Each structure stands twice: as structure tokens, then as C-alpha cells.
Amino acid sequence: MAFVQWDPAIYLRRAPERARPFFELVARIGAEPGDVRSVVDLGCGPGTLTASLADRYPAARITGLDSSAAMIAGAPAGDRLTFGVTDATTWRPSVTDDVVISNAMLQWIPRHPDLLTRWATDLRPGAWLAVQVPGNYHAPSHATVRELKAERNLTTDEPGPVLDPAGYAERLPGCVVDAWETTYLHHLPADGDAHPVRTWLEGTTLRPVVAALPADEYAGLAAALDERLHADYPVTGGHVRYPFRRVFVVAAKARP
Ligand SMILES: C[S@@+](CC[C@H](N)C(=O)[O-])C[C@H]1O[C@@H](n2cnc3c(N)ncnc32)[C@H](O)[C@@H]1O
């Protein structure tokens, strides 16, 4: 598959909002922290959240893997921290992995539920799998991006639809599953020329579009997007309220 041009600086512009689901996901992993020896974070991005796992798991080797060399280029250093470039679609859990995490990555992989089933099958008994995916495929923001691409006959990688919590629970054989969804209401400051939802999308969903179009064509698409976003997400008191649904799955592989 083609990999989109990720940019850690742009992605981290809304770091607190993007970090919160990660911590809410990790908080539900029931492994005894002192017993954990190996943690893998798939689609780790800039690695800042991955590095926080070294504090939660004080005896563990923490491995962050991402398909984008640019994303991990500035990842934090640490004795127990390792980062590498890997495509999650070909990765498989090893018998030594105690905790496998993937935060906000699987929506980029077509048929990702099949991948989750494979990971759950390969996990050793007693290991944990924790996944969070954005569930806003049908939100006006994402539907508008798809419309604008269709109007230009532009085909690029894009985040796909995700399952609901029950759908994921059914796809994890041999696991005890805790799955839920949350809709965050982000309060984005309208402090620039661009609509703040466009600025948000430029960290993720719009990356392949930015990469595919010459600058002037992207500027035209961005102007049309801003106009439609203003209708769906009006600025009030200098801010925009942006609802953002996320689906969480934490699975413990049952012991025989
Ligand atoms: C939205 S970012 C999430 C980064 C990080 N997990 C976080 O929560 O901040 C998605 C990341 O998934 C990575 N990614 C996308 N497809 C991937 C794949 N097939 N294998 C590994 N990483 C992938 C991207 O490079 C990007 O860094």
C-alpha cells in the first residue's frame, strides 16, 4: 500500500486532544504493570505517547512501530525505548509480547478487523490488546472531504469506516473484551484564516490530499472545504465545537 506523507509537527498541533483517548485506552489495560516485559505500540506516530508507556510499565521494553520514517524521526530516546519502521499489515505478535497497543492507526488499513482477528489469534494467553479508532467516517467533516475528492476525481488513501464496539468484540477469538465508544466535544479556537476543523484534518485525514495535489489545487480544495465546514461547524465566540467519536477495544487473551 502507498503510505501517506505524515508530518509530526502538523499532527501534534492538537496534541492534548489527540493524547486523551490514548491515556483513556491504556488506563483500561489490566496487566499488572510490574509483570509486563514487552509492549508494542503499532502506528506509534511521533512516539511521545509511546514513551509514556515506559513510566506505566517500569520493567518493560517498549517498541514503537510506524510505517512512516518521518513520523518516528524525532521520537524520544530512552533506555527501554526502541522505534522502527514497520508496516502493521505484515506485523505479527510474538509469544514474548505482553501488551499490544494501536491508537488511531487501524482506520487507515482496509479490512483492519481481519488484522485484529489475526493478532488476537497469535497473542499468547494472558497478553493484552488495546485499540482505539476514530469513528467519524460519516461525520460532515469527513463526508465533505470525500465529496470534494470525488468532484475532482481524486483517489488517495483515506481513513475508512470502523466497526461499533460489539462488532470488534465479535472479531477477537479467545479474548475477554471490554469495548466502548466516546464522543469527545473538541472546542477548537478559530484563530487563523483556515477553518479549525480543516486545520485538525490537515494533521491526519487530509495528509494524502495535501501530498497528491499541487499547492494551487490544494488551495482551491481548502477554500471550498472551509466554506462547507463553516456551514456544518459554525464559529461561535471565537471557537468551533467539533464532535469526534472514537471506538475503544481492550482485549485480554484468555488463559486455557
Ligand atoms: C493518527 S496517527 C496516530 C499516531 C499515534 N498512535 C498517536 O496516537 O498519536 C496514525 C499513524 O499510523 C501510522 N500508520 C498508518 N498506516 C500504517 C501501517 N500500515 N503500519 C504502521 N503504521 C501506520 C501513520 O504513519 C501515523 O503515524
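Which loop holds Ala 194? Ala 194 sits between β6 (175–189) and α8 (196–201). The views below come from a predicted model, in which local features need pLDDT of at least 70, side-chain atom pairs count only at pLDDT 80 or more, and totals for chains, interfaces and linings use all residues. Residues are numbered from 1 along each chain as its sequence is written. Helices (H or I, at least four residues) and strands (E, at least two) are DSSP runs, numbered from the N terminus.

View 1. Ala 194 is partly exposed, because 17 other C-beta atoms lie within 10 Å. The scale runs as follows: buried means 20 or more other C-beta atoms within 10 Å of the residue's own, exposed means 12 or fewer, and partly exposed is in between, with C-beta atoms placed from the backbone. Leaving out residues up to four places away in sequence, Ala 194 touches Thr 199, Ala 222 and Asp 226. Contact here means C-beta atoms, placed from the backbone, within 7 Å. Ala 222 is 28 residues from Ala 194 in sequence, and their C-alpha atoms are 8.2 Å apart.

**View 2. The open sheet.** Seven strands line up as β3-β2-β1-β4-β5-β7-β6, with mixed pairing. Two strands pair if DSSP finds at least two bridges between them. β3 (81–85) and β6 stand at the edges with a single partner strand each, so one side of each lacks a neighbour in the sheet. On average, neighbouring strands are turned by 15 degrees against each other, direction ignored. Helix α3 (residues 48–56) packs on this sheet and touches β1 (38–42), β2 (61–66), β3 and β4 (99–103). The direction of α3 makes about 165 degrees with that of β2. Helix α5 (residues 112–122) also packs on the sheet, against β4, β5 (128–134), β6 and β7, and its direction makes about 165 degrees with that of β5. Axes are lines fitted to C-alpha atoms, for helices over the stretch in contact; angles run from 0 to 180 degrees between N-to-C directions.

View 3. β6 and β7 (residues 239–253) run antiparallel, joined by 15 bridges. Glu 181 faces Val 247 in β7. Thr 182 stands opposite Arg 246 in β7. β5 and β7 are also antiparallel, over seven bridges. Leu 129 has Ala 251 in β7 as its bridge partner.

**View 4. Strand β4.** Five of the five residues in β4 are buried. Val 99, Ile 101 and Asn 103 point one way, while Val 100 and Ser 102 point the other way. β1 and β4 run parallel, joined by three bridges. Val 39 bridges to Val 99 in β4. β4 and β5 pair in the parallel sense over five bridges. Trp 128 in β5 is the bridge partner of Val 99.

**View 5. Helix α6 against helix α10.** Helix α6 (residues 140–151) and helix α10 (residues 215–232) pack at about 150 degrees, with axes 10 Å apart. Among the residues that meet are Val 145 and Leu 148 in α6, and Leu 221 and Leu 225 in α10. By class, this contact has seven nonpolar, two polar and two charged residues. Ala, Val, Leu, Ile, Met, Phe, Trp, Tyr, Cys and Pro count as nonpolar, Asp, Glu, Lys and Arg as charged, and the others, Gly among them, as polar.

Technical notes:
Two residues are in contact if their C-beta atoms, placed from the backbone, lie within 7 Å.
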